[in-house]
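Dear colleague,

Please find below the structure that I am handing over to you.

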Amino acid sequence: MSMHFFNLKGIYEQQTSKKSLIAIISIILAILFLKIAFTLFVTIEANKTIIPENINFKSEKNYKAEIPKIKSKIKKYPEDNTLQVELANAYWASGDIKNAIKTTDNFNNKQLAAYNKALIYYSQKDYINTINTIDKNFIEDIPKNCDKKCQYGYKMAQVIKTNSNWELNNYKEWLKNELKFFWIILIYGKI
C-alpha cells in the first residue's frame, strides 16, 4: 500500500509541474503577443508620420530671407554642421530643391545627409531617388555602435523607403520593407 501511495504522490508532482510549466509558457506567450501587438501599432503610426502633408515649415517664417543670414554664420563657423542643416532646410522650405539637395552634400554626418536628401526627394514625390538614396547610404542592419539619433535615422529611412514603395505600387517590396521595419522596431524599440 505504501508503494501505491508513493506512486500517486509522483503522479501528483508530475501534474503539478506540468501545470506550472503551462502557466509559465502562457505568461511568456502573452508577453510576446503584447510586444508584437505594440510593435505593430508603432510600425503603423511611424508610417503615418512620414508623408508629405506632415512635413511642414513655419508659415510665418521667411526662409528666403534666412538663407543669406545662415550663409554668413557658416562662414564664421564652418565646422557647425547644424548650420548646414538649417541652410538645407531653408532652401527646401523656400522651394529651392536643387540647392537643398546640394547643401546636404556638405553635411559632416553622411547618414544625416542621406536621410535629409531622401526626405527632400520624398516630399517632391521623387520616390525612385528616395529609394536609391536610402539603399546607397543605409546598410541592411543598424550598426552595433549606433546611438539613439543614429537608430532614429535608420528607422525613419526604413519608413521613407517603405512608404515610397507603397506610392510606387510596388507592393512586394513594400511588404518586405514593412516586415523589416516591424523587425527593427521589435528589436530596437519604438522610435
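This is a predicted model: local features need pLDDT of at least 70, side-chain atom pairs count only at pLDDT 80 or more; totals for chains, interfaces and linings use all residues.

**Findings**

Asn169 is exposed, because its relative accessible area is 52%; exposed means over 50% relative accessible area, buried under 20%, and partly exposed in between, with a 1.4 Å probe and protein chains only. This residue lies in the loop between α7 and α8.

Residues are numbered from 1 along each chain as its sequence is written, and side-chain values use heavy atoms, with hydrogens and water left out.

**Overall organisation**

The secondary structure of the protein chain comes to eight helices and zero strands; helices (H or I, at least four residues) and strands (E, at least two) are DSSP runs, numbered from the N terminus. Of the 191 residues in the protein chain, 34% are buried. Among contacts (heavy atoms within 4.5 Å) between residues at least 6 apart in sequence, 58% join residues at least 24 apart.

Two packed helices are described by the angle between their axes and the distance between the axes. Here axes are lines fitted to C-alpha atoms, for helices over the stretch in contact, and angles run from 0 to 180 degrees between N-to-C directions.

The axes of α3 (residues 81-93) and α4 (residues 97-104) come within 7 Å and cross at roughly 165°. The two helices are therefore roughly antiparallel to each other; angles over 145 degrees count as roughly antiparallel, under 35 as roughly parallel, 65 to 115 as roughly perpendicular and the rest as oblique. On the α3 side, the contact is made by Gln84, Leu87, Ala88, Tyr91 and Trp92, and on the α4 side by Ile97, Asn99, Ala100, Thr103 and Thr104. By class, this contact of α3 with α4 has six nonpolar, four polar and no charged residues; Ala, Val, Leu, Ile, Met, Phe, Trp, Tyr, Cys and Pro count as nonpolar, Asp, Glu, Lys and Arg as charged, and the others, Gly among them, as polar.

Thr103 lies in helix α4 and counts as buried, because its relative accessibility is 5%. Leaving aside neighbours within four places in sequence, Thr103 is in contact with Gln84, Leu87, Ala88 and Tyr91.

α3 and α5 pack at an angle of about 10°, with their axes 12 Å apart. That makes α3 roughly parallel to α5. Asn81, Val85 and Trp92 of α3 meet Leu112, Asn116, Leu119, Ile120 and Ser123 of α5 in this contact.

**The nonpolar core**

The largest nonpolar core has 30 residues; such a core is a set of buried Ala, Val, Leu, Ile, Met, Phe, Trp, Tyr and Cys residues joined through side-chain atoms within 4.5 Å. Among those with the most contacts inside this core are Leu87, Trp92, Ile120 and Phe138. α5 gives the most to this core, with seven residues. Not counting residues up to four places away in sequence, Phe138 touches Gln111, Ala114, Tyr115, Gly153, Tyr154 and Ala157.

With kind regards
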